Amino acid sequence: MTKITDLGVIETLEGLKSKEFSSEEVVSEYLKLIQSDSKLNAYIHFNGEKSLLEAKKSDQRRANNNSLPLDGLPIAVKDIFCVAGEKTSACSKILENFIPDYESTVTSKLWQAGGIYIGKTSMDEFAMGSSNETSYFGEVINPWSSDGDALVPGGSSGGSASAVAAKMAPIALGTDTGGSIRQPASFCGAVGIKPTYGRCSRWGIIAFASSLDQAGPITRSVKDSAVILQNMAGFDTMDSTSADIKVPDFINSCSKPIKGMKIGIPEEYRLDGLANDVQNVWESGIKWLKEAGAEIIDVTLPHTKYALPTYYIVAPAEASANLARYDGVKYGYRSENIKDLEDMYSQTRAEGFGAEVKRRILIGTYVLSAGYYDAYYLRAQKVRTKIVEDFTMAFNKCDAILTPTTPTGAFKIGEKNIDPVTMYMNDVFTVPASLAGLPAISIPSGLDAKGCPLGLQLIGKGFDEETIFSIGSILEESANFKNI
Amino acid sequence: MSLDKSTLKRVAYLARIKIDNSEIDKMTEELNNIMKWVEKLNEVDIEDVQPMTGVSSMTLREREDKVTDGGLEDKILSNAPEKIDGSFTVPKVIE
Amino acid sequence: MREPIKLKGETGTWEMVIGLEIHAQVKCKSKLFSGSATDFGASPNSQVSYVDAAMPGMLPVINSEAVNQAIKTGHALNAKINNVSIFDRKNYFYPDLPQGYQISQFKSPIVGEGWVIVDLGKGETKKIGIERLHLEQDAGKLMHDQHPKLSLVDLNRSGIPLMEIVSMPDMRDWEEAGAYLRKLRSIVRYIGSCDGNMDEGSLRCDANISVRRPGEEFGTRCELKNINSVKYMMKAVEYEAYRQIEIIEGGGKVLQQTRLYDPNKNETRSMRSKEEAHDYRYFPDPDLLPLHISAERIEKFKQELPELSDQKRERFQSEYGLSFYDADVLTADKKHADFFEVVSKNRDAKFVANWIITNFFAMLNEVEKSIENSPVKADQLGELFDLIQDGTVSGRTAKEVFEEMFTNGGSALEIVKSKGLKQISNTDELEDMVKKIIDDNQEQVNKYRSGNEKLFGWFVGQAMKNTGGTANPKVVNEILLKLLKG
């Protein structure tokens, strides 16, 4: 018999609907795994009592025949979403004991749809990282690691991807600023979608880079992602950048044929020295889509190689201001070691932030400072315009763009955190869509030389998640990727 | 443009992050490597290009002028590291 | 033409160059980017939302009324309203700034260049340029004297909408600067975009000042921060100008710095804590999109703009035939002008204007009351004027009645009745009385008739005395003239 925790979102909801099992049973099963996890460190916090209480309420609703769309479904939440009454720290010491009294719009919508909070997943501190190694609560392990060879789950939503891949959650929420949903999903063999900027409200999500941050689900299938995104997305008057655009039927789009669709292949993503395994998976993807009746065309995104440096100016600049509120006055950590006001600031922030966060705050401060603004920040925002124009041109010719999600599969813990730039290169394929605010999904499509998952990325036009769900479903079916 | 130690100190002061003298050399080098890498952007012709000011082409939405919030002093202060009589406190500010 | 005040130094004459930055609290119910209240004097942190406290994950949403008020004010300053403006983050650390940045407008403000005409007395005016007006958030408040080692932080003011109005460096002495500040206060009060209350900090002023030899290039300027009255601003400018002259004449150089004016000592001093490395790192706030204002919206507020003091003064002169002085006094404050217009309706406007300025305003001044708090309302004062006009009371008695109304309340008519102050205008009644005076004082009558016409006044006085001042002097005069002729 299949275990409850082997079921994805849709299967779990079907089981709950047919009363095969109760939400209380589902939640208990997941809680058991979370409590006994000594290997992955995917979760940093959970509240079994609250989860079980909510599960019982959900079962009651089902018994009364007034169930909600996601009723009884356990949902893991990246520690960057404010969940009322639960510790929310963005995995930083500076927010270690912060308990918000408010609920992020996205999680609030999911609870209103009947979803059950199951726990907080680990992440890179303030979502700054690509390996989950910068979390204040320790590294997270990729469930694909073999004995004695611990691999990173990717980042920054590493805890979420690891939890979903290890069947410790049917779905986990992530956020993506430069690849933080797609890259860990790719490393862990999960599906992860970053919707169009403005599709999901950012209200109540701890900000990293406001013009880039977007929430999205990490799941075990494309359709599962569609179901969750359907319930997360939508206009929010509390977020000035939220789009007042109707949310289409994502679930329906997962079963639409792709015959005649034009898929763009950007030549610039064929990096010098792109690993064979990655190249092969990409070729397979192209072949599968062709077989499904799509037309493959070459497109050009000439400014691709400038996307990463642009990102590493824009994102730190925004972060340097977004993280200025962590000053030891209103909430969070304040250093004990202070004599005066200046100490309160500089000592608190020196002790409260980790090395990567400090590095990015310093870069961000530098590129905005007098004498450097034009040379760095302004120039980067202009290059960003060129990157957006590249996509606009490309999308005149195609319906979606297919690329690898990452230049390599999961790497070993400690392997790439020696030099920041080497680490940053992980996001080379995911960052361009982020800068342009476009929707992008990563679908597990094959294995690397080590036998670890590799994802393919589909980038869609703005507010056209439907197309990438349709194409993504075909890729998923053809790849026939089996989770561990 | 290279980022020297004195610039790093100034930036760290602006960002209010204390840096130990022992860290300065390493950090200067690290940040310099990053800044050298991003200088690749100098290759791009940005003449007559408008900088991005918002990802979407939407315009700013405005809200009605109504009092809908406040009266939360307990909740506002509940996470404060230090507080007295309904106020946050900080080491005395000398103006 | 009025010449600006020049200052005499040891080595010659100096000229001042002054520009003002005014921070005006925008009249709105709620804050610029959140829904908490803006009332003055609430208990600490009771008017604070999660947005104002910069809790993690909070986002700003702009208040439409603040935008409207900025547009109106822009029109009143004869300024260009920009179709697109951008909100920036101004980054610095201070305990009253919970976000670690202030949301302001830097490169693209909502309102561009404009001008105002200021009155310099004796009908003299000067045009002062406006550089810009932008919207920004106010900071919270620090309290330093409640604890020996700590400062307390109250965020009630955090996020309150402010308009920063920056003038061109067009003012040449403190009189001009004072006139400009008064003019701006009058304008924002006229259009209702700010209550203009400097005591409560709704209107604050920073002054940029430098000195130079007449006709030479601008000198190095100093910024005087947070001045909260017109009088202090003028004194601060004067002190600061002399300080700079002394430095230059002593062979020194004026340092560009931010200084604080101490009204108790009447001096300015350098703000050391804010002196270090200003670098605000402005950049567009990614939480807010560019603010677009339609041409229709701009035009709508232009059409709806109320009559401002200059236009009102001109209208008072032409419509009511008032002098420049009277019209100017009455229109300096819209509430005064409105009061006058209510009282003068269907009455002798010149008489009303004169009476209000000399008697009513004097009384308000004496008891330090504003016109809204006056115990005598416009309709009550009108009633008194009607009694003067129809001869019920004399002008002199009217003042007595007004004082009674002002201190103890009651209507003019009631006071006149209860105190028996009604003027006697009945000719028969007065004629009997006057006859009696003439009969009783034959000696005086003879003197008058033999040419001592000065004695006429003595007879009037007797008549007034006999009636307790209530006799209508005009009627008394007529009767006396008739009867004394013999």
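Reply: The answers below set values from this predicted model against the definitions behind the terms.

Me: What makes up the secondary structure of chain B, and in which pattern along the sequence?

Reply: Chain B holds three helices and three strands. Followed along the sequence, they give the pattern α-α-β-α-β-β.

Me: How do you know how chain B compares with a compact globule of 95 residues?

Reply: The comparison uses the radius of gyration, which for a compact globule of 95 residues would be near 12 Å. Chain B has 22 Å instead. Its C-alpha trace spans about 55 × 45 × 25 Å along the principal axes. A residue is called buried if 20 or more other C-beta atoms lie within 10 Å of its own, and 32% of the 95 residues in chain B are buried.

Me: What makes residues of chain B and chain A count as being in contact, and how many are there on each side?

Reply: The test is that the C-beta atoms of two residues lie within 7 Å. On that basis 38 residues of chain B are in contact with 54 residues of chain A. Three elements of chain B, namely α1 (5-14), α2 (21-38) and β3 (87-91), each supply at least two residues of the side that touches chain A. The largest share, six residues, comes from α2(B). By class, this side of chain B has 26 nonpolar, five polar and seven charged residues.

Me: What does the contact between chain A and chain C consist of?

Reply: Here 33 residues of chain A are in contact with 25 residues of chain C. On the side of chain A that touches chain C, α10 (304-322) and α12 (355-368) of chain A are the elements that give two or more residues. The largest share is that of α10(A), with three residues. The residues of this side of chain A divide into 18 nonpolar, nine polar and six charged.

Me: Why are β2(B) and β9(C) called edge strands?

Reply: They belong to an open sheet of four strands in the order β2(B)-β3(B)-β10(C)-β9(C), with antiparallel pairing. The strands β2 (83-84) of chain B and β9 (141-143) of chain C each pair on one side only, and are therefore the edge strands.

Me: How do you know that β3(B) and β10(C) are paired?

Reply: Pairing requires at least two bridges between two strands. Four bridges join β3(B) to β10 (residues 150-154) of chain C, and the two run antiparallel.

Me: What makes β14(C) and β15(C) a pair, and what lies between them?

Reply: The requirement is again at least two bridges. Strand β14 (residues 258-262) and strand β15 (residues 267-270) of chain C pair in the antiparallel sense over four bridges. Among the residues involved, C:R259 has C:S270 in β15(C) as its bridge partner. The two strands form a hairpin with four residues between them, and C:N266 in the turn has a positive phi of about 50 degrees.

Me: What makes one side of α14(C) its buried side?

Reply: The buried residues of α14(C) are C:F459, C:Q462 and C:A463. Their arc around the axis is only 95 degrees, which puts them on the same side of α14(C). The face turned away from this buried side carries the exposed residues C:G457, C:G461 and C:K465. The buried residues pack against α12 (427-440) and α15 (473-484) of chain C.

Note on methods. Residues are numbered from 1 along each chain as its sequence is written. Chains are lettered from A and ligands numbered from 1 in the order in which they are written. This is a predicted model: local features need pLDDT of at least 70, side-chain atom pairs count only at pLDDT 80 or more; totals for chains, interfaces and linings use all residues. Ala, Val, Leu, Ile, Met, Phe, Trp, Tyr, Cys and Pro count as nonpolar, Asp, Glu, Lys and Arg as charged, and the others, Gly among them, as polar. The radius of gyration is taken over C-alpha atoms; the globule rule is 2.2 Å times the number of residues to the power 0.38. A residue is buried if 20 or more other C-beta atoms lie within 10 Å of its own, exposed if 12 or fewer, and partly exposed in between; C-beta atoms are placed from the backbone. The arc is that of the directions from the helix axis to the C-beta atoms.
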